Amino acid sequence: MTLFAFLHHLAFCAGLAVLSAVMVRAMIGARVMDQPDPRKAHRMPTPKGGGVGVVVTFMLGISVLYGFADFSRLADPYFRGVILAAFLIAVVAFIDDLRDWPFTVKLAAQVVAALAAVGSG
């Protein structure tokens, strides 16, 4: 790997880190809060949705890898299965942050996502 390629990758990683921080700040600004109740450890409202920044940057990074890095990616069916599974879990987790879904819905989504990843190849 050349120095230019290394710096290019480093700049891409820095850009993803900044995007993640911006997304987390946006979720805090949107006031997506977890309210205390007897089953929770916190006593004050706590921000939720921080995973949005991680998921958005992961999906962007994996999409760029899928689009440009032919030499270092998984075969197409495996890659699409992993992306689909990650997206499904992310959507369910985000909606759970907003609506507090029961654990059975989240578990079912995880099983479907695992089956999608395994079934892709």
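**View 1. Ser20 sits in helix H1.** This is a predicted model, in which local features need pLDDT of at least 70, side-chain atom pairs count only at pLDDT 80 or more, and totals for chains, interfaces and linings use all residues. Residues are numbered from 1 along each chain as its sequence is written, and side-chain values use heavy atoms, with hydrogens and water left out. Helices (H or I, at least four residues) and strands (E, at least two) are DSSP runs, numbered from the N terminus. Is Ser20 buried or exposed? Ser20 is buried, at a relative accessible area of 16%. Buried means under 20% relative accessible area, exposed means over 50%, and partly exposed lies in between (1.4 Å probe, protein chains only). Leaving aside residues up to four places away in sequence, Ser20 touches Gly53, Val54 and Thr57. Contact here means heavy atoms within 4.5 Å.

**View 2. Helix H1 packs its buried residues against H2 and H3.** H1 has 27 residues. From first C-alpha to last, H1 reaches 39 Å, close to the 39 Å expected at 1.5 Å a residue. The expected span is 1.5 Å times one less than the number of residues in the helix. Leu16, Ser20 and Met27 are buried in H1. Arg31 follows H1, and its phi is positive, near 60°.

**View 3. Leu10 belongs to helix H1, residues 3-29.** Leu10 counts as partly exposed because its relative accessibility is 47%. Leu10 and Lys40 are 30 residues apart along the chain. Their C-alpha atoms are separated by 39 Å.

**View 4. Helix H2 packs its buried residues against H1 and H3.** H2 has 18 residues and reaches 25 Å from its first C-alpha to its last. That span is close to the 26 Å expected at 1.5 Å a residue. Which residues of H2 are buried? They are Val52, Gly53, Thr57, Met59, Gly61 and Ile62. Tyr66 is also placed in H2. Tyr66 is partly exposed, at 25% relative accessibility. Tyr66 and Val54 are twelve residues apart in sequence. In space they are 18 Å apart, C-alpha to C-alpha.

**View 5. Helix H3 packs its buried residues against H2 (51-68) and H4.** H3 has 24 residues. H3 reaches 34 Å from its first C-alpha to its last, close to the 34 Å expected at 1.5 Å a residue. The buried residues are Phe79, Gly81, Ile83, Ala85, Ala90, Val92 and Asp96. Asp100 follows H3 with a positive phi, near 55°.

**View 6. Ala93 lies in helix H3.** Ala93 is partly exposed, with a relative accessible area of 38%. How far apart are Ala93 and Gly49 in space? They are 8.5 Å apart, C-alpha to C-alpha, and 44 residues apart in sequence.

**View 7. Helices H3 (residues 76-99) and H4 (residues 103-119) cross at roughly 170°.** Two packed helices are described by the angle and the distance between their axes. The axes of H3 and H4 come within 8 Å. Axes are lines fitted to C-alpha atoms, for helices over the stretch in contact, and angles run from 0 to 180 degrees between N-to-C directions. H3 and H4 are therefore roughly antiparallel to each other; angles over 145 degrees count as roughly antiparallel. H3 contributes Gly81, Leu84, Ala85, Leu88, Ile89, Val92 and Asp96 to the contact. H4 contributes Lys106, Ala109, Val112, Ala113, Ala116 and Ala117. The contact residues divide into ten nonpolar, one polar and two charged. Ala, Val, Leu, Ile, Met, Phe, Trp, Tyr, Cys and Pro count as nonpolar, Asp, Glu, Lys and Arg as charged, and the others, Gly among them, as polar.

**View 8. Confidence is highest in H4 and lowest in strand E1 (residues 33-34).** The mean is 90 in H4 and 72 in E1. These values are pLDDT, the predictor's confidence in each residue, from 0 to 100. The chain averages a pLDDT of 82, and 94% of the residues score at least 70. Where pLDDT is low, the predicted coordinates should not be read in detail.

Conventions: Angles under 35 degrees count as roughly parallel, over 145 as roughly antiparallel, 65 to 115 as roughly perpendicular and the rest as oblique.
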